[in-house]
Structure formats: structure tokens, C-alpha cells
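Here's a quick tour for anyone meeting this structure for the first time. Have a look at the model, then work through the notes below.

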Amino acid sequence: MARMKEFYENVENLVYEAIEHGANTTDDIYAYVTQYVPPSLVSHSLVEDIAIEYSSVECEPDNVY
């Protein structure tokens, strides 16, 4: 179970990175994620769900001092 959680967190981080690098569509995000994770292990719907979750979360900007 721990490996599955770690895998999911890795995919989440890749989705966030894709969005931060300018990916605008779920297809773009999925393409970015599958550069690092084999497409046989990650579904388009999983990436889409994570992207929707990310878009509904209000993020505060980093405090840089």
C-alpha cells in the first residue's frame, strides 16, 4: 500500500509541475506525466482528476524573503 501512495504522490507532483510549466489542457499534462511514468501505469482520467483537484485548491504564493 505504501508503494501505491508513493506512486500517486509522484504522479501528483508531475501534474503540478506540468501546470507550473504552462500545460493548459489535460492532454498536455498527460503528455508531460508520461515522459516520466509509462503510459501503461497512469491513466488519462487519473491525471485529469488530479488536475481538477489542483485547480480547485487555493494556493498561497511562496513567501520569498
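Start with Ile 50, which touches Tyr 8, Val 11, Glu 12, Val 15 and Tyr 16, leaving aside residues up to four places away in sequence. Ile 50 itself sits in helix H3. Keep in mind that this is a predicted model.

- Is Ile 50 buried or exposed? Ile 50 has a relative accessible area of 0%, so it counts as buried.
- Ile 50 and Val 15 are 35 residues apart along the sequence, yet their C-alpha atoms are 7.1 Å apart in space.
- Leu 46 also has its place in helix H3.
- With 22% relative accessibility, Leu 46 counts as partly exposed, because buried means under 20%.
- Setting aside residues up to four places away in sequence, Leu 46 touches Tyr 8 and Val 11.
- Leu 46 and Glu 12 are 34 residues apart in sequence, and from C-alpha to C-alpha they are 9.4 Å apart in space.

**The chain as a whole**

- The protein chain has three helices and zero strands, and reading along the sequence gives you the pattern α-α-α.
- Out of 65 residues in the protein chain, 23% count as buried.
- Take the contacts between residues at least 6 apart in sequence: 44% of them join residues at least 24 apart.

**H1 against H3**

- Helix H1 covers residues 2–20 and helix H3 covers residues 44–56. Their axes come within 10 Å and cross at roughly 65°.
- The crossing of H1 past H3 is right-handed.
- Which residues meet here? On the H1 side you'll find Tyr 8, Val 11, Glu 12, Val 15, Tyr 16, Ile 19 and Glu 20, and on the H3 side Leu 46, Val 47, Ile 50, Ala 51, Glu 53 and Tyr 54.
- Sorted by class, the contact of H1 with H3 has 10 nonpolar, no polar and three charged residues.

**H2 against H3**

- Helix H2 runs over residues 26–33 and packs with H3 at an angle of about 115°, the two axes being 9 Å apart. That angle makes H2 roughly perpendicular to H3.
- H2 passes H3 in a crossing that is right-handed.
- From H2, Thr 26, Asp 27, Ile 29, Tyr 30 and Val 33 take part, meeting His 44, Val 47, Glu 48 and Ala 51 of H3.

**H1 against H2**

- H1 and H2 pack with their axes 9 Å apart, at an angle of about 125°. The two helices are therefore oblique to each other.
- Here the crossing of H1 past H2 is right-handed.
- H1 brings Val 11, Leu 14, Val 15, Glu 17, Ala 18 and Ile 19 to this contact, while H2 brings Ile 29, Tyr 32 and Val 33.
- By class, the contact of H1 with H2 has eight nonpolar, no polar and one charged residues.

- The protein chain has an average pLDDT of 87, and 86% of the residues score at least 70.

Notes: Residues are numbered from 1 along each chain as its sequence is written. This is a predicted model: local features need pLDDT of at least 70, side-chain atom pairs count only at pLDDT 80 or more; totals for chains, interfaces and linings use all residues. Side-chain values use heavy atoms; hydrogens and water are left out. Axes are lines fitted to C-alpha atoms, for helices over the stretch in contact, and angles run from 0 to 180 degrees between N-to-C directions. Helices (H or I, at least four residues) and strands (E, at least two) are DSSP runs, numbered from the N terminus. A crossing is left-handed if the near helix is turned anticlockwise from the far one by less than a right angle, and right-handed if clockwise. Contact means heavy atoms within 4.5 Å. Ala, Val, Leu, Ile, Met, Phe, Trp, Tyr, Cys and Pro count as nonpolar, Asp, Glu, Lys and Arg as charged, and the others, Gly among them, as polar. Angles under 35 degrees count as roughly parallel, over 145 as roughly antiparallel, 65 to 115 as roughly perpendicular and the rest as oblique. pLDDT is the predictor's confidence in each residue, from 0 to 100. Buried means under 20% relative accessible area, exposed over 50%, partly exposed in between (1.4 Å probe, protein chains only).
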